Amino acid sequence: MKHVLGAVCGASVLLAVPAMAETTLTIATVNNGDMIRMQGLTSEFTKKNPDITVKWVTLEENVLRQRVTTDIATKGGQFDVLTIGTYEVPIWAKKGWLVPLANLGADYDVADLLPKIRDAVSTDGKLYAAPFYGESSMVMYRTDLFEKAGLKMPEKPTWDFVIDAARKLTDKNAGTYGICLRGKAGWGENMAFLSAMANSYGARWFDEKWEPQFNTPEWKTTLTTYVNLMKEAGPPGASSNGFNENLALFNAGKCAMWIDATVAASFVTNPKDSKVADKVGFALAPNTGLGKNANWLWAWNLAIPAGSKKTEAAEKFIAWATSKDYTKLVASKDGWANVPPGTRTSLYQNDEYLKVAPFAKLTLASIDAADPNKPTVKPVPYVGVQYAAIPEFQGIGTQVGQQFSAALAGSTSVDAALAAAQTATEREMKRAGYIK
Amino acid sequence: MARMATRQRVVISTIGAWLFGFLIFFPILWMVLASFKTELEAFAIPPSFLFFHWTLENYVTVQERSDYFHHAMNSVIIAGGSTLIALLIAIPAAWSMAFSPTKRTKDILLWMLSTKMMPPVGVLVPIYLIYKTVGLLDSRIGLVFILCLGNLPIVIWMLFTYFKEIPRDILEAARMDGATIGRELVYVLTPMAIPGLASTLLLNLILAWNEAFWTLNLSTSNAAPLTTFIASYSSPEGLFWAKLSAASTLAIAPILVLGWFSQKQLVRGLTFGAVK
């Protein structure tokens, strides 16, 4: 009997030991190429940390946002590491939903993070998320079509030049359109582009007292220019085009210019996916001479929710995935062209990277040109270039996006869309108590 | 002459029915075709219908990246479990309401249906908090329970209308012949109720299999069924249609096969009883 009891005790100790020592991290992420690559390299992390296992939850961006918000707001504790955007970081940090990242390790080199990106993920001087990859927006254009038309793209084009070139390069019979821009409604879709464009025209979402500004001449000029330009030189059905639709159009050779995320540069120059891979040039997003370019700033970041009970292991993972060594690891496995861009200064000083990424310098210049703390010509009370980092923005942005998408589709006029946007935004801001 | 006209009508209506059927089936066919294309071909405009470079690359990628069988097993357990429990509760409930109705039966039926009128997102936070407190988040039993509750009103309604169709005279005749309640249930009622039961079971199974709101919101990895498997292949930046189609084809395959084999029962049940 004693032996049996001893054996049972021994077995239960043996069974219990690995369970006690092993920490399982649940990581929520989006289905973007760089994240999928990170998932594939997880074994490199677990090899170094045999006491940690990793479980991935990959979801579509909007589903992930809803799922993660529900969990973090209820302190559900289902996730240990979250993939969140620059929009969420300041809002969630202020609400105390995120754990500040103070123990990323001595060799992490926080100073190497690009200053604009670091600002975007810090609140009150504390880092609340670590950037995994960053992006801005820029002009991608067809060098062959520009040459044929006798045009030369300046490095810092103005809107006048872009509009004129788009008109000249449009050949609707041949199925070539001067410019492809986002038109699909959504705060992260058409409003990302239009807010950045509006910044370059001197417009802003709110004045210093949180009054919505869609009734100003700057917004009218922005929206009128956009709608007219797309009518004259854009592809048909542009009001339902988002990033992926425009990427497909550009890769098929249908667009002479495309203004969108810098991350697209590696897609359009990849001969496996693009018919025009060797005919693409890059330039900064257009301006009107007011001091702001029409480019945004975004980063996907890794953060720890306050509900997690495994913060130590989670921080270890974040430090690994956003480190310089991770970049080297990706380079050794998949080549320098595939490393996550837009987060570290050292990457843009690396000759091997610069050799394979012709768009690298412009990506860096675009990121540098965007300032989330001073996004507009006139002063604003909010942080964020293509969004205002307040919880109400998702709803407002999408409502306004629907109005502007309707104006592009022709189902409403520019004036009516602006008036409706103003009314909807005023109503929401009053309801939220920003204005009376 | 009249016979020719009738034949012509039959031919026309047959062609019409086939065309309509094809139209309904087309999105599924298109999805299956897209799963054999490369990402570039899946996005190409104009799209190619059959003449493209056929590839299994997407299926290989999906297999490499995700554990299909883990998700499929979860789907089988969650959909099967919730359906069985729903039937166990619904059969006696519908039985008593059909054969011994009271003054309040109608009100109870309407009240049960009214629970379906509220969009699920309205109760997401309370349910999430309850599940968190009782430790049911990311558990199969939690999903079985919520899907069972969600589908219960429909199951009861369907069974109630099937049972109501069964003539009471037959039951009385059985009783007069000396049948006990047990015998009456097994030998008289069950054979008559089988088409209705089968179609309710199948419909509920399909509803539970495809349910994407609760399964996405209350599961993370351990209990994640095929709906989360599909959701992981949609991407805001980058081409994903072909891989998403491959994942979706794999996800619907089991239920499609089941539906195919049991379509006779399903159609019979649906046209015979309740939802006519």
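Into which domains is chain A divided? This is a predicted model, and in it chain A splits into domain 1, made of 2-135 + 298-356, and domain 2, made of 137-296 + 381-431. Where the two domains of chain A meet, domain 1 puts in eight residues and domain 2 puts in ten. On the domain 1 side of that meeting place, you'll count six nonpolar residues, one polar and one charged.

Now look at a pair of helices in chain A. Helix α10 covers residues 217-233 and helix α18 covers residues 414-431; their axes come within 10 Å and cross at roughly 135°. How do α10(A) and α18(A) lie to each other? Angles over 145 degrees would count as roughly antiparallel and 65 to 115 as roughly perpendicular, with the rest oblique once those under 35 are set aside as roughly parallel, and α10(A) and α18(A) are therefore oblique. Their crossing is right-handed. If you want to find the spot on screen, pick out A:W219, A:K220, A:L223, A:T224 and A:V227 on α10(A), which meet A:V414, A:A417 and A:L418 on α18(A). By type, the residues in this helix contact are six nonpolar, one polar and one charged.

The UniProt record, an unreviewed entry, places the feature "transmembrane region" at residues 12-33, 76-96, 108-131, 143-163, 184-209 and 240-261 of chain B. Residues 12-33 of chain B are 100% helix and 0% strand, with the end C-alpha atoms 29 Å apart. Residues 184-209 of chain B are also 100% helix and 0% strand, and here the end C-alpha atoms are 34 Å apart.

Finally, how do the chains touch? How many residues does the contact take from chain A and from chain B? The contact takes 26 residues from chain A and 26 from chain B. On the chain A side, the elements that give two or more residues are α2 (33-40), β2 (52-59), α4 (61-73) and α11 (243-251). Sorted by type, the chain A side that touches chain B holds eleven nonpolar, ten polar and five charged residues.

Terms used: Residues are numbered from 1 along each chain as its sequence is written. Chains are lettered from A and ligands numbered from 1 in the order in which they are written. This is a predicted model: local features need pLDDT of at least 70, side-chain atom pairs count only at pLDDT 80 or more; totals for chains, interfaces and linings use all residues. Two residues are in contact if their C-beta atoms, placed from the backbone, lie within 7 Å. Helices (H or I, at least four residues) and strands (E, at least two) are DSSP runs, numbered from the N terminus. Ala, Val, Leu, Ile, Met, Phe, Trp, Tyr, Cys and Pro count as nonpolar, Asp, Glu, Lys and Arg as charged, and the others, Gly among them, as polar. Axes are lines fitted to C-alpha atoms, for helices over the stretch in contact, and angles run from 0 to 180 degrees between N-to-C directions. A crossing is left-handed if the near helix is turned anticlockwise from the far one by less than a right angle, and right-handed if clockwise. Domain bounds come from an automatic or database domain assignment. UniProt positions are given in the numbering used here, feature names are shortened, and annotations may be inferred rather than shown by experiment.
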